[in-house]
Amino acid sequence: MAEAMMKHVNGGLAEKFGPVFDPTAVVAEPVPPVVTENGHELKHKTAEKEIVLGKNVHASCFSVTEPEADDEFTGDKEAYMAGVLARYRKTLMERTKHHLVVLTGVIVSGYPYNLDFDYGALAQLQHFSINNLGDPFIESNYGVHSRQFEVGVLDWFARLWELENNEYWGYITNCGTEGNLHGILVGREVFPDGILYASRESHYSVFKAARMYRMECVKVDCLISGEIDCADFKAKLLQNKDKPAIINVNIGTTVKGAVDDLDLVIQTLEESGFTQDRFYIHCDGALFGLMMPFVKKAPKVSFKKPIGSVSVSGHKFVGCPMPCGVQITRMEHINVLSSNVEYLASRDATIMGSRNGHAPIFLWYTLNRKGYKGFQKEVQKCLRNAHYLKDRLLDAGISAMLNELSSTVVFERPQDEEFVRRWQLACQGNIAHVVVMPNVTIDKLDDFLNELIENRSTWYEDGKRQPPCIAADIGSENCVCAAHK
């Protein structure tokens, strides 16, 4: 079986910028204005860094204008729309140049999207309205669907996480957040009086789920790496021994890329007196859930362990061009959530009603092209290049951290917000991060590093400002500020 699962090879190609692309023709986006109320600026400060609460998109939106004739476009109207689309495409190409996961140009982003894809073969399907209503495993009355692709993708992930086809249920979600909402909802339905436990560095969608479902939620402290602190977890479990536990386990946290130790979480539950019939574990593997199976010594995510569900994003490491995700749970759990819908001639067990029927086709296409062996090569390259980035940052005197199982490099936040915006960096307090994704070359990393180092020399040249100490965020051993050199 292992040989059969490894039979596909990676054949993906990145789109090339055409010769007509003129980056100088793209108008740079202005710094967004500060929203005001009664003459007072509305800003939220985090570690002295300002978050602008709003940019008035109406100032730059593409207006919808009425055609001159009721039933047909005039030549002027066609020219207007063609011009809008051409300018928009140039904007997309310019912004993509400054995204670390690259097509051809420069790099960088703190947002984990894999832009290395070529889905030209699927263009022939774009004029169909493909809608996967209801349960993926039950054909509804609507005939223009892609369930045959959806179930094929779900079977692939079920094999990856070691669950037999007749023992799982799942569907292609609209994003990673929906996967978390669904997994936690299943846990809540299995244990209506259960308490949700999640580390403080869990994705915001986990806490959104708690609010939406009116669940009692206990935030668990983290280690400096961002991994859940199981000592604190145990203390909080013992405070609530009378209620079942619903646990969110992070397979890669948002900011630091930390991977919670699933085995230690299960051990902590057992040591605290929680038998398997009194807890439900949802694994949020948005980005690293697909990378962990190919990392040596990584905690194994498997349904052979007492977990209830796993979700991943399809537009991150996989590289689907639209937001989507995969959610897998045990068949035995889904009945508590589902209900029959007569007019669909199907069963409702998903969060949303209508689902994007194109997404499963894109996922199916790239899984077939890359296969397990292709993903394994991409994971190894991501980790290798992430270590290179971290080492070069430290060599340049820039505080940086990289978790052992991660491709997320955390470093000191650049002082210039224009630089942050230009490179689309994700920041929190005094730290920023870059998520190294497939097809990032050493040359492209060097381009970003050289520009960062050059700009940094001007930020601190007068001696009045010093690089921030971020030991509290990444540990003193990774901080190279004046106090920790």
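Is Trp 169 buried or exposed, and what is its relative accessible area? I started my notebook with that one. This is a predicted model, so I kept in mind that I was reading a prediction.

**Entry 1: aromatic rings**

I looked up Trp 169 and found a relative accessible area of 0%, so Trp 169 is buried. Buried here means under 20%. I then searched the whole structure for aromatic pairs, and the search gave 14. One of them joins Trp 169 and Tyr 171: the ring centres are 5.6 Å apart and the planes stand at 50°, a tilted pair. Tyr 171 is buried too, again with a relative accessible area of 0%.

Next I turned to Tyr 197 and Phe 233. Their ring centres lie 5.8 Å apart and the planes meet at 75°, so I noted this pair as edge-to-face. Tyr 197 sits in strand β6 (residues 195-199) and Phe 233 in helix α6 (residues 230-238), so the pair ties together parts that are 36 residues apart in sequence. I checked burial as well: Tyr 197 has 1% relative accessibility and counts as buried, and Phe 233 counts as buried at 0%.

I also found a cluster of aromatic residues, made up of Trp 156, Phe 157, Trp 161, Phe 317, Tyr 372 and Phe 375. A charge over a ring was my last stop here: Lys 219 lies over the face of Phe 207, 4.6 Å from the ring centre.

**Entry 2: a sheet and its helix**

Which strands form the open sheet, and in what order? I traced 4 strands, in the order β14-β15-β17-β16, with antiparallel pairing. The edge strands, β14 (400-402) and β16 (426-428), each pair on one side only. From one strand to the next, the twist averages 25°. A reminder to myself: strands of a sheet pair through backbone hydrogen bonds.

I zoomed in on β15 (residues 408-412) and β17 (residues 431-435), which run antiparallel and are joined by 5 bridges. Then I followed helix α9 (residues 358-395), which lies across β14, β15 and β17 and runs at about 160° to β14.

**Entry 3: Asn 403**

Where is Asn 403 found? I located Asn 403 in the loop between β14 and β15. Its relative accessibility is 13%, so Asn 403 counts as buried. What does the side chain of Asn 403 reach at 3.0 Å? I found the backbone oxygen of Lys 256 there. Leaving aside residues up to four places away in sequence, Asn 403 touches Ser 225, Lys 256, Gly 257 and Ala 258.

Note on methods. Residues are numbered from 1 along each chain as its sequence is written. This is a predicted model: local features need pLDDT of at least 70, side-chain atom pairs count only at pLDDT 80 or more; totals for chains, interfaces and linings use all residues. Side-chain values use heavy atoms; hydrogens and water are left out. Two strands pair if DSSP finds at least two bridges between them. Helices (H or I, at least four residues) and strands (E, at least two) are DSSP runs, numbered from the N terminus. Axes are lines fitted to C-alpha atoms, for helices over the stretch in contact, and angles run from 0 to 180 degrees between N-to-C directions. Contact means heavy atoms within 4.5 Å. Buried means under 20% relative accessible area, exposed over 50%, partly exposed in between (1.4 Å probe, protein chains only). A polar contact is a pair of N or O atoms within 3.5 Å; within protein, one must be able to donate a hydrogen and the other to accept it, and residues adjacent in sequence count only if both atoms are side-chain atoms. Rings of Phe, Tyr and Trp (its six-membered ring) pair if their centres lie within 6.5 Å; planes under 30 degrees apart count as stacked, over 60 as edge-to-face and the rest as tilted. A charge sits over a ring if NZ of Lys or CZ of Arg is within 6 Å of the ring centre and within 35 degrees of the ring normal.
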